[in-house]
Amino acid sequence: MIELTADVVIVGAGGAGMYGAVAAAREGASVILIDKSMVGRGGATIMAQMTVAAAIGHQEPDEWTRHFADTVEAGRGLCNEELTGLLCREGPARIMELDGWKIGWAQEEGHLRQVTAPGHSKKRCVYVDYLNTGPALASTLRRQVKKVPEIKAISSLTIVEIIVDDGRVMGVLGINVVSGEWVSFRSGAVILAAGGLSKLYARNSGSTNMGGDGYGLALRVGAELVDMEFVQFFPIAHLAPRLVGMDPIMWDPFRYKLGGRLLNGKFEEFIERYGSEDGGQYRVARDVASYAILKEVEAGRGSPHGGCYLDFRHVPESRLRESFGPVIDRLLENGIDLTKMPVEVAPMAHYQMGGLRVNGSLETRISGLFAAGEVVGGANGANRLSGNAITEALVFGETAGRMATQVALKKQKKANLGVKKWQSLVQDTSRRLESTTQNSGPAEAPAPVALQAELQRLMSEKVGPFRSEEKLCSALEQIREWRRETLPGMHISPNQPFNMDLQDWLELRKMLDTAEMVALSALSRRESRGAHQREDFPDQDPNWEKNQVLALEGDVLTIRSEPIVRAPVEGTVA
Amino acid sequence: MKAISKPEESPGRPLTHIRVRRGGPEDSTRYDTFEVPWEEGMSVLDALIWIRQHVDSSVSMRYSCLNANACKECSALVDGKVTYLCTARLGEAPLTVDPLPKRPLIRDLVTDILPAKENPPSQSDHENDRASD
């Protein structure tokens with residue numbers, strides 16, 4: 001088997017992974033940065049349209065403690081305040097470092113331009129025009145990664161297991177996607193930066209590689225996960241007419257800049273009916289907006305494709321062009337003239353608030369196993385504010401890179417002690433997996449990609465924004481049956497280059513682990529809070545102001561409650 | 001074991017045809033033609049994903065961002081023109097998809113588009129690439 005070594009190995013090369021690599025290398029680590037797609041092209045970062053929240057105070061006076069208070073309030077009482085504090089305190093330094101790397105943040109009158117996103121009490125969000133924040137960030141970080149000789153970047157390689165011995169990480173085991181060969185990576189520390197789980201849902205705004213890899217990998221080696229029931233649905237994702245070559249969540253920035261009216265199928269404003277206000281502006285929080293839209297649809301007042309209308313017809317064309325320039329032409333190419341027609345929008349799976357349970361150094365309970373970016377649970381509680389995801393990727397990436405390096409360099413002296421153990425663990429793990437994938441089922445058995453689609457439908461119907469005991473129990477039963485009965489007997493095309501069947505199967509394994517975690521947590525939380533809405537328990541219950549923690553005991557997924565990590569910041573009212 | 005339900009039928013949707021170049025660099029040129037339910041505004045990538053889910057999962061192509069044209073991984077030839085699978089529209093007329101002609105072919109529509117230094121390690125590499133030393 002091919003074996004590579006480095007001080008720090010990073011799984012996932014989106015914003016968090018790339019920033020982590022740069023940070024680890026400048027602390028003196030050798031780094032291997034791995035992506036199953038292409039470095040800096042997969043994941044969620046590149047999909048970001050606009051807002052990145054940080055209290056740099058360029059547009060108006062602001063403090064990181066205000067950002068903290070806003071985030072904690074939006075998190076409906078469940079934020080891990082240690083992580084929220086880290087996110088808000090370090091955000092400004094990361095934004096300014098990227099400015100120094102010439103990302104091209106939008107500017108005015110000699111300072112960075114900042115806008116207000118819903119839930120932020122200040123003009124706090126920087127961006128890159130036009131709707132170019134994600135691509136600009138990805139290419140800026142790719143440039144930084146390329147500059148550093150201590151970082152070896154590897155694309156088209158998927159990590160299938162973390163290798164752990166006696167509670168300490170030893171490295172990871174992966175497969176070359178192009179050739180199908182096994183490759184092992186021995187390291188002092190591993191950072192999981194594999195993103196979220198939006199692919200579990202039929203309508204989602206993530207890249208196709210975000211099927212919960214990080215959660216499944218970590219669960220299987222004994223790490224804990226927290227708050228997995230909180231899947232954020234992005235309320236106004238594009239629904240109709242069909243749009244290609246554009247991100248479905250692009251309407252959010254339109255609303256920041258231009259307002260835009262949210263109307264039901266009868267062209268009535270409706271957000272006020274659900275205890276919030278909107279008034280053609282954009283003030284309503286994401287969880288409330290998703291709820292309101294789906295309730296209108298349920299009441300028979302939806303738009304033709306099952307969402308609501310977003311209408312900009314009152315905005316003059318000159319203002320549309322001034323704010324969005326070439327984007328207006330790309331919309332016209334898609335047959336959408338905003339001066340003449342409303343578009344239809346509806347909620348879409350967007351972001352996972354829950355994730356790996358880590359300490360303030362972003363380390364899991366497995367020594368040397370760190371997490372960064374969306375895969376981390378807790379910083380955003382039960383509902384994430386717009387603009388916090390990219391900041392989280394940058395801040396957590398940088399912090400995890402530094403902290404992982406400290407651990408790896410300390411361990412280096414003992415590196416030779418575990419060679420034999422390492423080799424036997426790697427051999428056993430690869431043989432075990434190979435015995436399943438090579439004895440795959442007959443050609444008429446379902447293909448992994450078909451079951452992925454089934455799982456997406458199941459999750460959307462039964463573990464979506466509205467949940468009930470009945471729906472969740474039925475989902476759990478089906479997920480467990482698929483995991484135990486169907487997964488081992490699936491048809492995987494025989495060994496061939498770029499074997500997507502094999503990749504789909506490996507991904508499906510993690511998707512089923514992750515789906516079970518989301519469904520079990522959602523079933524166990526008998527209240528409604530933030531992104532978790534139970535039809536059978538419609539109210540928020542103060543007794544449920546606690547986190548749920550998941551772990552594997554043997555083959556059984558267990559769940560328990562833990563008190564919230566509080567770390568109040570002086571001068572804020574949480 | 002409960003069978004996976006058959007793909008949802010698409011009543012009322014017209015069918016269109018898509019020819020896909022199959023195989024690797026050693027194989028003689030071969031095309032498979034697939035019948036796909038068509039809807040207004042559909043991309044060629046949508047059609048290929050539909051084929052993988054419903055007809056033949058062994059068809060391979062690169063893509064990551066799913067119709068947003070952000071990742072730029074899905075470039076290929078559609079009716080002889082270099083384009084992105086996610087922005088090329090599928091019409092009601094049949095069309096042909098080939099891999100990029102100037103890149104080394106891996107299989108089906110997948111070509112080697114990685115920067116040389118980012119290639120995944122393989123026994124066939126001669127270099128001894130260790131990140132630390």
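**A walk through chains A and B**

Hi everyone, let me start with chain B: of its 133 residues, 40% are buried. Buried here means that 20 or more other C-beta atoms lie within 10 Å of the residue's own, while exposed means 12 or fewer and partly exposed is in between, with C-beta atoms placed from the backbone. Please keep in mind that this is a predicted model, where local features need pLDDT of at least 70 and side-chain atom pairs count only at pLDDT 80 or more, while totals for chains, interfaces and linings use all residues. Residues are numbered from 1 along each chain as its sequence is written, and chains are lettered from A and ligands numbered from 1 in the order in which they are written.

Staying with chain B, its secondary structure comes to one helix and seven strands. Along the sequence they follow the pattern β-β-α-β-β-β-β-β. Helices (H or I, at least four residues) and strands (E, at least two) are DSSP runs, numbered from the N terminus.

Now, how many residues of chain A are in contact with chain B? There are 55 of them, and they meet 41 residues of chain B. In contact means that the C-beta atoms, placed from the backbone, lie within 7 Å. On the chain A side, the elements giving two or more residues include strand S1 (2-11), helix H4 (133-147) and helix H14 (500-524). That side divides into 28 nonpolar, 17 polar and 10 charged residues. For the record, Ala, Val, Leu, Ile, Met, Phe, Trp, Tyr, Cys and Pro count as nonpolar, Asp, Glu, Lys and Arg as charged, and the others, Gly among them, as polar.

Next, the inside. The largest nonpolar core has 221 residues, and A:Leu33 and A:Ile191 have the most contacts inside it. Such a core is a set of buried Ala, Val, Leu, Ile, Met, Phe, Trp, Tyr and Cys residues joined through C-beta atoms within 7 Å. Which element gives the largest share of this core? That is H14(A), with 14 residues. As for A:Leu33, leaving aside neighbours within four places in sequence, its contacts include A:Ile10, A:Val39, A:Val145 and A:Ile154.

H14(A) also lies across S11, S20 and S21 of chain A, at about 45° to S21(A). Angles run from 0 to 180 degrees between N-to-C directions, and the axes are lines fitted to C-alpha atoms, for helices over the stretch in contact. Those strands belong to an open, antiparallel sheet of four strands with the order S16-S11-S20-S21. Two strands pair if DSSP finds at least two bridges between them. S11 (residues 225-226) and S20 (residues 547-553) of chain A pair over two bridges, and A:Leu225 stands opposite A:Leu550.

Another open sheet of four strands in chain A has the order S12-S15-S14-S13, again with antiparallel pairing. S12 and S13 (261-263) of chain A are at the edges with a single partner strand each, so one side of each has no neighbour in the sheet. Neighbouring strands here are turned by 40° against each other on average, direction ignored.

Finally, look at S15 (residues 343-352) of chain A: 10 of its 10 residues are buried. S15(A) pairs with S12(A) over seven bridges, with A:Phe234 opposite A:Met348. S15(A) also pairs with S14 (residues 308-311) of chain A over three bridges, where A:Tyr309 stands opposite A:Glu344 and A:Cys308 opposite A:Val345.

Key
Contact = placed C-beta atoms within 7 Å.
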